Amino acid sequence: MNYISTRGRAPVLSFDDVVLAGLARDGGLYVPETWPQISDQGLSTLRGLSYAELAARILAPFAEPAISEAELTMLCEDAYRGFDTYPDPAPLRRLSCGTYLLELFHGPTLAFKDFALQILGRLFDLVLARRGERVTIIGATSGDTGSAAIEACRDREAIDIFMLHPKGRVSEVQRRQMTAVVADNVHNIAIEGTFDDCQDLVKALFSDHPFRDRVRLAAVNSINWARIAAQIVYYVHVVRRLAENERRLAFVVPTGNFGNVFAAYGAARMGMPIEALIVASNRNDILTRFFATGTMEIGPVFATLSPSMDIQVSSNFERYLFELHGRDAGAVVSLMQGLRDTHAFSVAPARLEQARRTFLAARCDDAGTSETIRSIYETEGILIDPHTAVGVAAARSAKVARDITKVCLATAHPAKFPDAVEVATNVRPLLPSRLADLLSRPERYATLGADAGALRQLIDQTLAAKGITQ
Ligand SMILES: *Cc1c(COP(=O)(O)O)cnc(C)c1O
C-alpha cells in the first residue's frame, strides 16, 4: 500500500516510510491510497482466527509489500501476549440493557492506546533494524499517551524516548506509570509549565533542523497511520463476534483527537456492516457542535473528569474531511487555512447531511459523567472510568433505531482515574495485581524549565553519554 497526504502536495510514501514519518511535509496527514475490502466471505474466514492473527490479517494489506503477513503475525502475537486477558485482549461484556462494553483497558498501561502503541513500538524496531538506523522519539503527554509510548519503546535497541509531562499536572497514577519505568532508553522530563508548554517545546525541537537531523527525531503521536490501522482491528473483532446475532451495530466512541472513531470509520469503509458511529465528547464539545451545525469553531479548553479528551482541535478529523470531500485535497487545504486564519470553518449543507448519515454526536458534562459512573455501578455492579462513562451517557441519549445494538468502547481502566470513580461510587478501584505496588516504586525523572535550549542540551548530553552522538 502507498500513502498520500490529505493536502496533496507531499511525496507518496510506502508503509515503512509512513511508520517513521510524522506530519506530511505539506502539513497534511497520510492516508492509504485505497481502502482494502473485507467481503462477507472474508468475514466468515476471520471468525476462526485468534485476535493476534486477525490483527495481522487486517494490517497486511496496509503494510505489504514492506512487511509480510507472516512477519505481522509474529509481531502481533508478541504485542498482545502482554495483555492481562490474552489471548483475547479485547473482551466484550453485555450489560443488562443490551448494550455492550468493549473492554480496551487490559494492556500494559490500562488504556486503549496500548493496542496501537504496542504494535507501533515493534514496527519501529523492525523497520529500523532493517535499515540499520536509530531514532530519538520526543513526545509531550497530558496522560495516557506518554505511558503507553514508554511501555511500547522501553528496552528497544534502536530507540531513545524522551517524554515531557507538565510537572504536577498529570494524575499520580499516570505520572508513576511513566517515571517508575527502569530502562536505559527511557528519559522522563517534568517541565515546569503546562501541557501546551510541553507541546511547544516538542515543536521547537522539531523545527530546529540541524538538531532534528543530528539525533534523528521521530514522533509517536496519534497522527501516525499505523496507530489508526491497529485500532481498526478491534472493530472488525466485534463485528465478527456479534454480526450473526446482532445484525445492526453502532459503536459509541469517547473522542478527543478523533483517532479512535476514525478507525471505526475505516472499518466501515473496509466493508464492515456498521450502522452508525456515535461520537461522545465531554464539555469540550467542538465535535458535537460540528455535527449539529456543520461549523467547526475552536473555543477554550476546559479541564474535566475525562482529561484525555480535553482537546479542542481534533487532529485526525482532517482525515475524515478528506474522505467527506471525495478525497479533494484542495478542499481540505482551504478548510484548514480557514481554521488557521479565523479559528473556524464550515462545510456545505450537503456534506453535513452526508456526515450525519454515519455520525451522531452527543456531549456529557462532569455531572452527567459522575452520575453515569454511579448508575452503572448500581445497576451492573461494575466500575467504569470517566472516559467510558462519557460514552455510555452518549449511548443513552443518542437516537438510533431500536433494533440497533450499541457497543460502547471502554477506553481506560477505572483505577487509572480512582478519584473520580470513588467520588461517584464511594468505592476506590484497585489496580491490577501486577501494578499493585506502583505507588511505592522509585521514580526517575529530570525537571526542567520550559526552555528549548536546556531541553536540547539535556538530550544531547544524554545521547552523547550513551555514545550515540558526539
Ligand atoms: C486518548 C483517549 C481518548 C480519546 O481518543 P482519541 O483517539 O484521541 O479520540 C479517550 N479515552 C481515553 C482513556 C484516552 O486515553
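**Helix α5.** I started with helix α5, residues 113-131: it has 19 residues and reaches 27 Å from its first C-alpha to its last, close to the 27 Å expected at 1.5 Å a residue. I note here that the model is predicted. I then looked up the cover of α5 and found it mostly covered, with 14 of its 19 residues buried. Just after the helix, I read a positive phi of about 65 degrees at Gly-132.

**Ligand.** I listed the residues around the ligand next. There are 15 of them, and the closest are Lys-113, Asp-144, Gly-256, Asn-257 and Thr-411. I sorted this shell by residue type and got 5 nonpolar, 8 polar and 2 charged. I then went through backbone atoms facing ligand oxygen atoms. For Asn-257, a backbone N or O atom lies 2.8 Å from an oxygen atom of the ligand. For Asn-260, the corresponding entry is a backbone N or O atom at 2.9 Å from a ligand oxygen atom. For Gly-259, a polar backbone atom is 3.4 Å from an oxygen atom of the ligand. I also checked the ligand's area: taken alone it exposes 380 Å², and the protein buries 96% of that.

**Strand β15.** I moved to strand β15, residues 405-410, where 6 of its 6 residues are buried. I looked at the side-chain directions: Thr-405, Val-407 and Leu-409 point one way, Lys-406, Cys-408 and Ala-410 the other way, and all are buried.

**Backbone exceptions.** I kept the general rule in mind: most residues other than glycine have a negative phi, and most peptide bonds are trans. I found a cis peptide bond between Glu-64 and Pro-65, with omega about 0 degrees; Pro-65 is in the loop between α3 (51-63) and α4 (69-80). The bond from Tyr-86 to Pro-87 is also cis, with omega near 10 degrees, and Pro-87 is in the loop between α4 and β4 (92-94).

Arg-327 is partly exposed, at 24% relative accessible area. I also noted Asn-426, with a positive phi of about 65 degrees, in the loop between α18 (418-425) and β16 (446-449). Asn-426 is exposed, at 71% relative accessible area.

Notes
Residues are numbered from 1 along each chain as its sequence is written. This is a predicted model: local features need pLDDT of at least 70, side-chain atom pairs count only at pLDDT 80 or more; totals for chains, interfaces and linings use all residues. Side-chain values use heavy atoms; hydrogens and water are left out. A residue is near a molecule or strand if one of its heavy atoms lies within 4 Å of it. A polar contact is a pair of N or O atoms within 3.5 Å; within protein, one must be able to donate a hydrogen and the other to accept it, and residues adjacent in sequence count only if both atoms are side-chain atoms. Accessible areas come from the Shrake-Rupley method with a 1.4 Å probe; for residues, only the protein chains shown count as cover. Ala, Val, Leu, Ile, Met, Phe, Trp, Tyr, Cys and Pro count as nonpolar, Asp, Glu, Lys and Arg as charged, and the others, Gly among them, as polar. Helices (H or I, at least four residues) and strands (E, at least two) are DSSP runs, numbered from the N terminus. The expected span of a helix is 1.5 Å times one less than its number of residues. Buried means under 20% relative accessible area, exposed over 50%, partly exposed in between (1.4 Å probe, protein chains only).
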